[in-house]
Each structure stands twice: as structure tokens, then as C-alpha cells.
Amino acid sequence: MARLNLLEETRFEKLPVTIYPDEFIASVRVAQRIAELIRYKQGRGEKAVLGLATGATPVKVYAELVRLHREEGLSFKNVITFNLDEYYPMQPTAVQSYVTFMNENLFDHINIEKGNIYIPNGTLPLEDIHEYCLDYERKIESLGGLDLQLLGIGRTGHIGFNEPGSAPNSGTRLVTLDDLTRRDASRDFGGKENVPRKAITMGIGTIFKAREIILMAWSGKKAPIIKKAVEGEMSSEVPATYLQLSDNVEFVLDTDAASELTRFNTPWLVKDCVWDEALIKKAVIWLSETVQKPILKLTDEDYNSNGMAQLATEKGPAYNINIDIFNKLQSTITGWPGGKPNADDKRRPERAEPARKRVVIFSPHPDDDVISMGGTFIRLVDQGHDVHVAYQTSGNTAVWDDDVLRYMEFAIDFSNSIGQDSSHLETIYDNMRTFLEDKQPNQLDTQEIRDVKAFIRKSEAIAGARYAGLEDDHIHFMALPFYETGKTVKKPVTEVDVQLTMDLLQQVKPHQVFAAGDFADPHGTHIVCFNILLESLRRLRETESWAQDCWLWMYRGAWHEFATHEIEMAVPLSPQEVERKRNAIFKHQSQKDRPVFPGDDAREFWVRAEERNRETAKSYDNLGLANYEAMEAFVRWKF
């Protein structure tokens with residue numbers, strides 16, 4: 001019976017999927033499987049031939065293999081490796097090369113024979129590549145083929161660099177990279193314009209010949225493409241779907257990467273469910289959106305015809321369910337994000353008391369506060385709450401180099417205008433200009449340049465917070481040390497980051513904390529900042545009574561928005577408030593028009609924010625609730 005239930009749950013899935021609670025556990029298990037293969041081959045006196053991948057996905061697998069070598073004596077003497085791909089052109093010593101990546105993450109730390117390592121050569125003359133690729137195939141075949149091939153998956157659905165349009169029988173070859181792939185790589189190269197347009201990659205046909213294929217994917221960013229690869233029709237538009245043809249493939253996912261698979265996202269379509277409050281809310285909203293009816297107009301027939309007969313039977317009739325969910329959604333809407341004084345707050349998202357709350361808005365970058373919750377920020381100040389804003393990082397990597405020169409030129413002109421000697425400033429300026437003219441992609445800026453970039457972001461943040469109504473002593477710049485590398489790759493979080501956060505919290509003793517729960521930013525800064533805040537609050541809750549009564553609200557908007565069923569507080573904005581929010585965002589002039597790290601959304605930040613806020617309001621309207629101009633959405637973190 002258990003096996004039958006599993007088959008029913010996975011009937012939408014066209015290949016085997018194994019799901020682990022997180023990428024750490026999954027990576028350890030994959031590394032153990034590789035180690036088992038290596039030891040099995042050693043016992044038979046044979047070579048283990050591995051196909052290896054690069055990128056963020058396999059990093060923890062390689063770290064575990066290194067640990068197994070150092071601590072448990074796993075030998076790699078019998079291992080031969082073939083990497084999937086390499087950028088072209090690319091020098092092997094470049095920091096972005098996959099030679100560098102593999103050496104830093106694996107090869108420099110194990111006892112593999114250097115002659116047993118094969119990585120596509122990104123330095124070849126163009127006319128030599130075809131024969132080189134054929135020889136790469138011959139080497140694999142001469143060793144009896146790949147025993148195991150590790151794969152990641154790109155958001156285009158590419159495996160290796162087999163981009164959309166690749167044929168299922170393709171071999172090793174030179175390919176042109178998809179624009180989305182180049183955008184995703186831009187942070188490693190200091191901008192998309194520096195990412196190579198081509199790469200050498202193993203073909204899908206080559207990958208297919210491996211005796212075992214493991215495709216790994218972590219995080220919600222990969223969830224949409226995983227759904228297409230696992231449940232979609234085979235198509236050259238999503239090359240990973242061709243893996244459905246293999247009998248030797250397994251997808252290894254964490255729960256976030258698996259979250260859009262049917263058995264998790266809409267489980268009522270594949271099995272009987274335990275209908276708790278959250279699942280009922282999600283299902284009813286899904287049904288309303290699917291049949292394009294307001295919630296209060298849904299019928300028993302709508303439920304029965306769309307896989308929700310069990311819900312109607314157990315909790316119905318339909319109208320009773322509709323009324324309940326409608327009321328729950330209605331109660332998320334509030335014009336009082338700090339709580340409405342002297343009001344019955346049993347069905348409101350925030351407490352009525354105290355009427356005047358102490359509030360800290362944590363902003364990972366110096367503009368996340370106004371981009372993601374600018375309307376609520378202004379509303380909290382207007383309604384008399386004691387609002388503080390804390391900018392967790394300087395944001396100094398996200399300023400264009402020419403802005404530095406422009407501000408330095410201003411400083412020199414101003415210095416001269418008041419009769420001050422500007423010769424020292426002019427020397428610094430000349431050094432900056434010389435450095436920037438010769439600067440290489442992703443090269444670390446000088447300290448003076450980093451400082452000017454930080455000052456630019458700081459002055460903009462102050463202008464935005466003042467526009468929202470704050471006094472200067474309520475504007476805090478934390479400059480958390482983990483961020484201050486001057487590079488997109490940051491230092492590990494330390495106790496200093498946590499202690500600085502605890503000190504600020506202890507100073508304000510807030511009743512409410514707002515923090516970015518938008519973990520899709522291209523740097524990963526949001527999730528790091530959130531975890532620092534979470535650890536700080538957890539520690540304080542052990543000893544401080546105020547911390548036990550402090551509510552943590554998460555906001556989004558810069559990169560994506562909460563799904564409607566997740567929203568616990570929706571703050572409506574009038575047309576005038578939308579304009580005030582826009583003006584606050586405009587204070588961040590260095591992020592206007594084209595920011596340094598735009599992600600894969602081509603819209604300006606203020607446009608993204610407004611359109612997402614309007615989409616949230618529209619979704620409430622479509623469900624049959626009040627039709628507002630825009631809405632900012634929040635979810636409360638439960639300790």
C-alpha cells in the first residue's frame with residue numbers, strides 16, 4: 001500500500017526524484033555515493049571515471065569528498081575525472097575558470113594524479129576546437145565511459161552548457177551561451193558584459209552514456225525549472241527534459257528546489273490530504289485563480305471538477321469553506337501596520353497595544369527598506385510610531401565606477417570654492433582614475449574607492465529615510481563586517497556581526513522588527529543578513545522580556561513577492577502613498593536606471609516595486625476583496 005501511495009503521489013514525475021531536508025544532507029549523501037563507487041572500483045583494481053560539474057551546486061559535495069579523504073582515508077589514486085565544461089575563451093589561471101574552481105574546491109586537497117584530470121581547454125585556437133572535442137570524447141570512450149556523471153541545472157534548463165536548442169544526441173562541442181546564463185554568471189565576472197559568450201561543453205549524448213547520472217538542485221530559485229525538467233514534456237527548449245529518456249538518472253533535490261513539484265505545490269491533485277488551515281487557504285485561493293472566480297462564487301462543482309472533492313466532502317459545503325477563507329483573507333488587510341489603537345485586535349494581524357510601538361526596519365542593502373516596504377515605512381512614521389531603520393551593509397559593491405569619479409570631482413570643486421587646498425584630494429582622484437582605467441573585471445577596488453562608494457550609498461539612504469520622516473538619530477549604519485570584502489564573495493559571518501545586531505536591538509528594544517525575507521537577491525546578502533538577525537533575536541529572547549514580545553515581520557518586493565496564500569499582513573497603499581514611496585526610492589540615485597546588479601529582472605527597482613505591489617492588490621481584487629491601488633505584503637516569522 002505504501003508503494004502504491006508513493007506512485008500516486010509521484011504520477012506527474014517522469015523520472016526518479018530523491019528529496020532531502022536541505023542541501024547539506026543531500027550533498028553528504030551524494031559524496032558518500034561517490035566514495036562508495038571509488039572504493040568498489042578500488043576493490044576490483046579498476047579506475048573510477050567521474051564526470052564532474054562546477055558552480056555553486058556541487059561545492060558542498062566536493063567539501064565532503066575532501067573531508068572523507070583527510071579524515072577517513074578515501075584515496076583518489078584510481079580516479080579519473082572529466083569536467084563538463086569551460087568558458088571560451090578562458091585562461092586556466094583566471095579566477096572565473098573552471099580549472100581554478102576545481103583546484104580550489106577539490107583537486108588541490110586530494111591525492112588525485114594530475115594526469116587523470118581532464119577539463120576542457122579554453123585557450124585553444126578556434127580552428128582546433130572541433131578536433132579537440134572529438135578527442136575529448138575518444139578519451140572517455142577509451143576508459144570505458146563515465147561511471148557517474150554529476151550535473152547541476154541552469155535556470156534555462158541547461159545541463160553542462162547544453163542550452164535550449166541542444167539536440168539529445170549532441171557531443172562535446174563549442175556552444176553559444178544563453179543570455180540568462182550569462183546574466184546568472186555576471187556577478188563572478190563583474191558584469192554581464194565581461195562574461196564569455198561561448199563555452200566548450202560535453203553534449204547531452206555524451207552525458208547519456210554515463211552508467212549513473214545524478215542531477216542536483218538546491219533552493220527555490222531552481223524550483224520552476226525543476227518542475228519543467230521533471231514533469232514537463234520533452235523539449236529542446238528545456239534540455240534537461242531529455243534526461244527523462246535515461247534509465248540511469250536520479251534528481252537529488254532539497255525541499256526548496258522540489259517545492260513546485262505537483263505533490264508539494266498542489267498535493268490535492270495527486271492524493272488525499274490532511275486539510276489543515278494553511279493548506280485549505282492555499283487550495284481555495286488556487287481554485288479561485290484556476291477557475292477565475294471570486295472566492296465567494298466558488299461552487300461544489302468547482303471543487304469536484306478540480307481535484308478538491310475531498311475538501312468539499314470533509315469541510316463543506318463549499319460556501320462555508322468560501323466564507324471562512326474570505327474572512328481570513330479580509331483580516332490580513334490593515335491600514336495600521338503598527339496595530340490599531342483601542343481596537344479589537346483578535347482578527348487583526350498586529351497587536352493594538354502598545355499604541356505607540358518601537359520599530360526597527362532592517363535593510364540588508366541601503367535601499368531595500370524603501371523598495372520593499374516604503375509605503376508601510378512612511379505609514380508607520382505618519383501614525384506616530386518610534387521608527388528606526390538599520391542598514392545592515394554598506395552596499396559598496398553596487399556602485400558604478402564612474403560615479404566615484406563624479407563625486408570626487410564634486411568634492412574637489414567644492415573644496416576649491418571655499419578656498420581650501422584640494423591638492424591632496426586631486427592626488428587621490430588621479431590615483432583612482434589611473435586604477436579604474438586599468439581595472440580588470442571583478443578586481444578588488446582600492447580602499448579609497450570602496451569608501452567613496454559606501455559614502456554614496458549612505459548619503460542616499462539618509463535622504464530616503466529623512467523623506468520617510470525619520471530624524472537622523474533614528475538612522476543606523478551597521479556596516480556588518482562579513483560584507484566588507486569589496487567583492488561579491490563575502491567573508492563568513494562571525495560573532496562580531498551578531499553582536500553588533502544584538503547591541504542595536506538592545507538599544508531600541510523594539511516591539512516590531514521588519515526584515516527582508518526576499519532571499520532571491522543575486523548576492524545572497526539578504527539571507528545572510530536575515531540569519532544574523534534571527535540568531536540575535538533568538539539569543540536575546542533567552543534573557544530579555546522585551547525580545548520575547550518582539551514580533552518579526554518579513555517583507556519582500558525587490559526580487560519577488562510572497563504568494564497570496566502566504567500573506568499574513570497586507571498594507572494597502574493609496575495612489576498618493578504609491579507616489580511617496582516612489583519618491584523615496586528615487587533618493588537612491590546610484591541604483592536608478594541601471595543598477596550594477598540588476599538580477600534577471602530588467603525593470604528598474606521602483607518599477608518592479610510598484611508593479612509587484614499592484615499585482616498583490618489585483619490578486620486580492622480577483623479573489624473578491626476590496627480593490628486597492630497597491631499593497632505591500634508581510635509574513636510573520638514564528639519563533
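**Cysteines, a strand and the cores**

Mentor: A search of the whole structure turns up zero disulfides, a disulfide being a pair of cysteine sulfur atoms within 2.5 Å. Keep in mind that this is a predicted model: local features need pLDDT of at least 70, side-chain atom pairs count only at pLDDT 80 or more, and totals for chains, interfaces and linings use all residues. Residues are numbered from 1 along each chain as its sequence is written, and side-chain values use heavy atoms, with hydrogens and water left out.

Trainee: Is C529 buried or exposed?
Mentor: Buried, with a relative accessible area of 0%. Buried means under 20% relative accessible area, exposed over 50%, and partly exposed in between (1.4 Å probe, protein chains only).

Trainee: And C273, buried or exposed?
Mentor: C273 is buried too, at a relative accessible area of 9%.

Trainee: New topic. Why is strand 14 largely enclosed?
Mentor: Strand 14 covers residues 512-516, and five of the five are buried, so the rest of the structure largely encloses it. Helices (H or I, at least four residues) and strands (E, at least two) are DSSP runs, numbered from the N terminus.

Trainee: Which residues sit on each side of strand 14?
Mentor: Q512, F514 and A516 are on one side, V513 and A515 on the other. Both faces are covered.

Trainee: What does strand 14 pair with?
Mentor: Strand 11 (residues 358-363) pairs with strand 14 in the parallel sense over three bridges. Two strands pair if DSSP finds at least two bridges between them. V513 is the bridge partner of V360. Strand 15 (residues 551-555) also runs parallel to strand 14, joined by five bridges. There, W553 stands opposite F514.

Trainee: Now the largest nonpolar core. Which residues touch the most other members?
Mentor: V284, Y303 and F362, out of 57 residues. Such a core is a set of buried Ala, Val, Leu, Ile, Met, Phe, Trp, Tyr and Cys residues joined through side-chain atoms within 4.5 Å. Helix 19 (residues 525-541) gives the most to this core, seven residues.

Trainee: What does F362 touch?
Mentor: Its contacts (heavy atoms within 4.5 Å) include V513, F514, A515 and A516, plus L533 and Y555, not counting residues up to four places away in sequence.
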